[in-house]
Amino acid sequence: MIETIIREQYNQMAQIYDQRWKNYISKTLSFLKNWAEISSDQVVLDLGCGTGEFERLLLTENPEQKIIGIDISEEMLVKAKYKCQGYPNVSFQQASVSSLPFNTHTFDVIVSASAFHYFEHPETAIQEIKRVLKPDGKVVILDWCKDYLLMQFLDFGLKFVDPAYKKCYTENEFHYLLTSGQFNIKRSTKFNIDLWWQMMIVAATPEN
């Protein structure tokens, strides 16, 4: 099962993850925070929260922000809990995006950064997102964009060297995944964070 492989990989990587990917993490998560326009009174779910860097960024501006982060790696969550230990309004859980342990219509905003290319069952993930999102809520997803040639090479190569890797999407493919899951695309854009990484981000709301 892909999730078992991902868990093992990131458990092994947890101690060096922030330092190894410092530039990538800083640029992508800062872009996500600014682009998502999350207000201080909204309850946020972070899918694939890793070491809690997105939570730390949000809390620097809104220390009372209510956030739950989920990840399948126990060791990544250890790092996240340590970073946010002074914030009782923030919690972390080990969970799969295919079976979210939350009640229906719980969250105002759901975010996911650089994680969807690992999701083994993306359609199931979209349905779970829709289930736990409030009817007037929004989901904001950032990931690699296969519209770019370098990302096409990366997508091709990772399938041979990373058994946990699933796929990355073109912008149109990802929009179709969301609209097929009964979401309305509100806005989206593509951008480069440096010479090597080309990204896309999309905000969508559930159809009512």
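Buried means under 20% relative accessible area, exposed over 50%, and partly exposed in between, using a 1.4 Å probe and protein chains only. In soluble globular proteins, nonpolar side chains tend to be buried together.

The model is predicted, so local features need pLDDT of at least 70 and side-chain atom pairs count only at pLDDT 80 or more, while totals for chains, interfaces and linings use all residues. Residues are numbered from 1 along each chain as its sequence is written, and side-chain values use heavy atoms, with hydrogens and water left out.

Now look at Trp144. Leaving aside its neighbours within four places in sequence, Trp144 is in contact (heavy atoms within 4.5 Å) with Tyr24, His117, Met151, Leu154, Leu158, Tyr165, Cys168, Tyr169, Trp197, Gln198, Met199 and Met200.

Next comes the sheet. Helices (H or I, at least four residues) and strands (E, at least two) are DSSP runs, numbered from the N terminus. Seven strands make an open sheet in the order S3-S2-S1-S4-S5-S7-S6, with mixed pairing; two strands pair if DSSP finds at least two bridges between them. Strand S3 (90-94) and S6 are the edge strands, each pairing on one side only. From one strand to the next, the twist averages 15°.

Strand S5 (residues 133-144) pairs with S7 in the antiparallel sense over six bridges, and Val139 stands opposite Ala204 in S7. Strand S6 (residues 183-192) also pairs with S7 in the antiparallel sense, over nine bridges, with Lys190 having Met200 in S7 as its bridge partner. Five residues lie between S6 and S7 in the hairpin that they form.

H4 lies across strand S2 (66-71) and S3, running at about 170° to S3. Axes are lines fitted to C-alpha atoms, for helices over the stretch in contact, and angles run from 0 to 180 degrees between N-to-C directions. Helix H1 (residues 2-20) packs with helix H4 (residues 74-83) at an angle of about 35°, their axes 6 Å apart. Arg7, Tyr10, Asn11, Ala14, Gln15, Tyr17 and Asp18 in H1 meet Glu74, Glu75, Met76, Lys79 and Lys83 in H4.

Thr170 sits in the loop between helix H6 (149-161) and helix H7 (171-180), and counts as buried because its relative accessible area is 18%. Not counting residues up to four places away in sequence, Thr170 touches Lys146, Asp147 and Met200. Lys33 lies in helix H2 (residues 22-36), and is buried too, with a relative accessible area of 12%. Beyond its neighbours within four places in sequence, Lys33 is in contact with Phe54, Leu57, Leu58 and Glu61.
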